[in-house]
Amino acid sequence: MAKVIGLTGDEAVAYAVKQCDVDVIAAYPITPQTVMVERLSDYVADGEIDAEFVPVESEHSALSVCVGASLTGARVFTATCSQGLALMHEILYIASALRCPIVMAIANRALSAPINIHCDHSDTLGSRDSGWIQIYTENVQEVYDSIIEAFRISEDKRVLLPTMVCLDGFILSHCMERVETLEDAEVKGFLLPKPEYPYPIDPERPMTYGPVALPDFYFEFKRQQEEAMKNARSVIREVNDAFAKLSGRKYDVIRADFIEDSDVVIMCMGSAVGTMRHAVRELRKEGLKVGLIKVRVYRPFPEEELRKALEDKKVVIAMDRACSPGAMGGPLYEDVCSLLYDAEPKPKVANVVYGLGGRDLTPSDAKGICKYALEILKTGIVKERIKFVGVRE
Amino acid sequence: MALSIPKLPREEPLAPGHRLCSGCAAPLVVKLTFKALRPGERMVAVVPTGCLEVATTIYPETAWKCPFIHVAFENAAAVASGIEAGFKVLIRKGKYKGKMPYVVVFGGDGGTFDIGLQALSGMLERGHKVLYICYDNEAYMNTGIQRSGATPYRAWTTTSPVGRKIPGKPQFKKNIVAIAAAHEIPYAATASIAYWADFITKVRKALDAEGPSFIHVLAPCPRGWRYDPRLTITVARLAVETRFAPLYEVEYGRKVRITVKVPRPKPVTEYLKIQGRYAHLLRPEYAKEVEILQRAVNEFYEYLEKLEKLSTT
Ligand SMILES: Cc1ncc(C[n+]2csc(CCOP(=O)(O)OP(=O)(O)O)c2C)c(N)n1
Ligand code: SF4
Ligand SMILES: [Mg+2]
């Protein structure tokens, strides 16, 4: 039966990766991901996992090692965040285009400058076009579960795309929570025996990987990635169902709370979802009705599910823990605007940018955001398209 | 080890019809490497972005008869590390049934001396069983002959032009073999396409080494060096005969041996004068620059001789 253990987010990642019987791990330390790398080194050094741990000299090499190893058909894991993810940026696109089912944990952290080690989502949101599946988690249990799901999703032959499992730096990476774990055998049974990579490198069957493709073929490669993302939508659904059967914990690409009777909906990702849920509950006691949608899978964007959930809503607030200077708003906001362009009737949509560089989102900030949404409902006017919450002006 | 031509493998790693320029040394480097394999041995080639890569793998065609992997420009050593680690663990866990192949990188000078140096150092330090061969055409040829850390003193390139004030590259070439050898890897060497027996012997030694190995090969490029394509082997031979590119090996970072001795070197001008990239140096006003080059060549060979003596005593 399942063991319940106290784990931090980083430890939960490492523990799940160990249970997934990964073959190759290549990673470079960066706060607040460091503990993942340390724990995995321990597991390898103690012989608790039969894997090659490649202690690379940079994140660029970490992902490059992963690509090479993945092409041999090995199950591969890495982890990073922030500056490390930025350094990997070039290889992110190559990993997804070579269809390497790599799983990468990200302890979300702000980008320099100024240098900062605390949470925001600028790092992973800046990589949203790189062809990776992105899962944002809310608590440590979900971190653990998502790593296991991620291998199952990525390695499916209908998908063969890499996945980032994002956990908020420090807030989740370093926070110890109660985690219900699965048995090793249960995880093994849940995963595929090995990645369904159709043509792993094999000298007995020589192939060319990573060729030049010019205007006559490049486009078709990219088109296939789009198709793989489309397939990922249904595979993720299947995997969520299978995981629920195994663990009793049911995830979806989004999670909606209190939306049936609310004209107003707040959308957010990561650990702030918990804070927002608390605020929404409190306000319900005062008779104020606000709904909440957590976007768990951000890529592929849960279009269908969100369209259904937002049908008939009058006000939608998209919360971004990232900024995109000079843009119309944060990445989630822009996606939500695109999504609702065809909606009839069209809700008012506003953007809240919060929590940059680890700035706390306090319960009163959270309530304030709900009240801001209700005010838009009352007046029908969005005065400022981007509202910065928690900043000194 | 005496090499017997009839015993060398007949198979070729590259199919004819690739798009490398005629006279290009890069495919010869690959072919000679392949000749060191014993029957039944397999090679996986990793190639960073550059002439060799772009000219042999234009989709939907490929010239490669062994597995070929290209990922990016600066990371061939890391990709090779991953492939080696992948095969190692899959074989150990019984998930790959074949034999461990040799993982061989063919990197250009840009991908090795410059942008790929960090990944190379990491791979050498970690001790992956990978043979890294640098085919050095002394510039970024794929992007149109720009200078690199491997471009020699006063050579012309498009970014070290022969101007009115500055006559070609002001800096000297980086000593990449010393850098590789400083990692105290089992085997590091230079090789030449004009000395095929020496070349194949060295590749064999590198493949037999327990751990990483590095071979630097001067790879004349008729386009960038401005000479007639039929002279490629001549140019390569002259580089050795003038001591411009001496042939030696370094075991475990310490034991140095000059494998092709050049007791009576030709003057460097013999090497310079057949290449357009050095044409300006033949003008009288640059006689001093040629002297500087000659002195540097002499000094380095003497230094090698001293190292060799040190290693044997
Ligand atoms: C990160 C990055 N920077 C620049 C380039 C452009 N680029 C492609 S090949 C190349 C030069 C390759 O030079 P070298 O390694 O010496 O190989 P060669 O083409 O000379 O054989 C450059 C600069 C690139 N592909 N990637
Ligand atoms: S430019 Fe030089 S290195 Fe490139 S293919 Fe032509 S001859 Fe070879
Ligand atoms: Mg070059």
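A cavity is a set of points, on a 1 Å grid over the protein atoms alone, where a 1.4 Å probe fits but cannot get out; lining residues have an atom within 4 Å of a point. Volume is the space filled by probe spheres set on the points, with grid points joined across faces, edges and corners. This is a predicted model, in which local features need pLDDT of at least 70, side-chain atom pairs count only at pLDDT 80 or more, and totals for chains, interfaces and linings use all residues. Residues are numbered from 1 along each chain as its sequence is written, chains are lettered from A in the order in which they are written, and side-chain values use heavy atoms, without hydrogens and water.

Chain B lines this second cavity through B:Leu117, B:Leu120, B:Ser121, B:Leu124, B:Ile176, B:Ile179, B:Ala180 and B:His183. Helices (DSSP runs of H or I, at least four residues) are numbered from the N terminus. H5(B) gives the most, with four residues. Helix H6 (176-181) of chain B supplies at least two. Six lining residues are nonpolar (Ala, Val, Leu, Ile, Met, Phe, Trp, Tyr, Cys, Pro), two are polar and none is charged (Asp, Glu, Lys, Arg); polar covers the others, Gly among them.

The structure holds two cavities of 30 Å³ or more. Domain 1 (3-247) and domain 2 (254-389) of chain A both contribute, so the largest cavity lies between them. The domain bounds come from an automatic or database domain assignment.

How values were computed: On a 1 Å grid over the protein atoms alone, a cavity is a set of points where a 1.4 Å probe fits but cannot get out, and a pocket is an open set with protein on both sides within 12 Å along at least five of seven lines; lining residues have an atom within 4 Å of a point.
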